[in-house]
Amino acid sequence: LVQLSQGTMEYIRFGTGRRTLVMLPGLGDSLRSMKGTAIPMALMYRIFAREFTIYVFSRREVLPNGYTTRDMARDQAQAMDRLGISKADIFGVSMGGMIAQHLAIDYPQKVGKVILAVTAARPNPLLEASVREWMEFAQKGDHIGFMDSNLRRIYSETYYRKNRWMIPLLGKWTKPKSYDRFFIQANACLTHN
């Protein structure tokens, strides 16, 4: 847990490399933070662990309404300062890529290389349709429908058909107590530019 000027932010750290890699996860972070994920993440990204010391950050714990991807980048820069990370390569996935874009623009001295995956510079019709569909499922509290939509929209049709049996399990395992964080972050995706 790192203390920011306005709240706290959870993160995990693994790897022993001399270079620093900061990973910023996507909108899924709004459902489940990094807390308790160090071992699975370290296993998943072990290929990078010799060359890099890796930090994976969640968004700050309490999110105000109207919180933007630029606000998230500001908090990320502050978290890096508090942890003594003067410069890092940044790997942003989906919404994390949106945050990484602002981090590189507003805090270029903190950023080495930027890796952007499955992200956008601004909302496009596919992104908007996906996020709005997820918001509709969340408003109804239909987490199984929410997870089905995620799997269907994010992965190939072949992968979806092969793995859709997992949806009820994922729906039970990932259902948040509240969708408040999700709605704030989803709106940030829809207003990112």
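In the predicted model, helix 4 and helix 8 cross with a left-handed sense. Helix 4 covers residues 125-140 and helix 8 covers residues 180-191. Their axes come within 10 Å and cross at roughly 165°. The two helices are therefore roughly antiparallel to each other, as the angle is over the cut-off of 145 degrees. On the helix 4 side, the contact is made by Leu127, Glu128, Val131, Arg132, Trp134, Met135, Ala138 and Gln139. Helix 8 contributes Phe182, Phe183, Ala186, Asn187, Cys189 and Leu190. By class, this contact has 10 nonpolar residues, 2 polar residues and 2 charged residues.

Helix 4 and helix 8 also take part in covering helix 5. Helix 5 runs over residues 143-154 and has 12 residues. From its first C-alpha to its last it reaches 16 Å. This is close to the 16 Å expected at 1.5 Å a residue. Its buried residues are His143, Gly145, Phe146, Met147, Ser149, Asn150 and Leu151. The cover over these buried residues includes helix 6 (157-163) and helix 7 (167-174), along with helix 4 and helix 8.

Helix 2 spans residues 69-82. At 1.5 Å a residue, its 14 residues should span 20 Å. The end C-alpha atoms are 20 Å apart, which agrees. Of the 14 residues, 10 are buried, so helix 2 is largely enclosed by the rest of the structure. Buried here means under 20% relative accessible area. The buried set consists of Thr69, Asp71, Met72, Ala73, Asp75, Gln76, Ala77, Gln78, Ala79 and Met80. Just after helix 2, Gly84 takes a positive phi of about 75°.

Ala104 lies in helix 3, which covers residues 95-106. Its relative accessible area is 26%. Ala104 is therefore partly exposed, since this value falls between the cut-offs of 20% and 50%. With neighbours within four places in sequence left aside, Ala104 is in contact with Val111 and Val114. Glu157 is 53 residues from Ala104 along the chain. The C-alpha atoms of Ala104 and Glu157 are separated by 34 Å.

Note on methods:
Residues are numbered from 1 along each chain as its sequence is written. This is a predicted model: local features need pLDDT of at least 70, side-chain atom pairs count only at pLDDT 80 or more; totals for chains, interfaces and linings use all residues. Side-chain values use heavy atoms; hydrogens and water are left out. Axes are lines fitted to C-alpha atoms, for helices over the stretch in contact, and angles run from 0 to 180 degrees between N-to-C directions. Helices (H or I, at least four residues) and strands (E, at least two) are DSSP runs, numbered from the N terminus. Angles under 35 degrees count as roughly parallel, over 145 as roughly antiparallel, 65 to 115 as roughly perpendicular and the rest as oblique. A crossing is left-handed if the near helix is turned anticlockwise from the far one by less than a right angle, and right-handed if clockwise. Contact means heavy atoms within 4.5 Å. Ala, Val, Leu, Ile, Met, Phe, Trp, Tyr, Cys and Pro count as nonpolar, Asp, Glu, Lys and Arg as charged, and the others, Gly among them, as polar. The expected span of a helix is 1.5 Å times one less than its number of residues. Buried means under 20% relative accessible area, exposed over 50%, partly exposed in between (1.4 Å probe, protein chains only).
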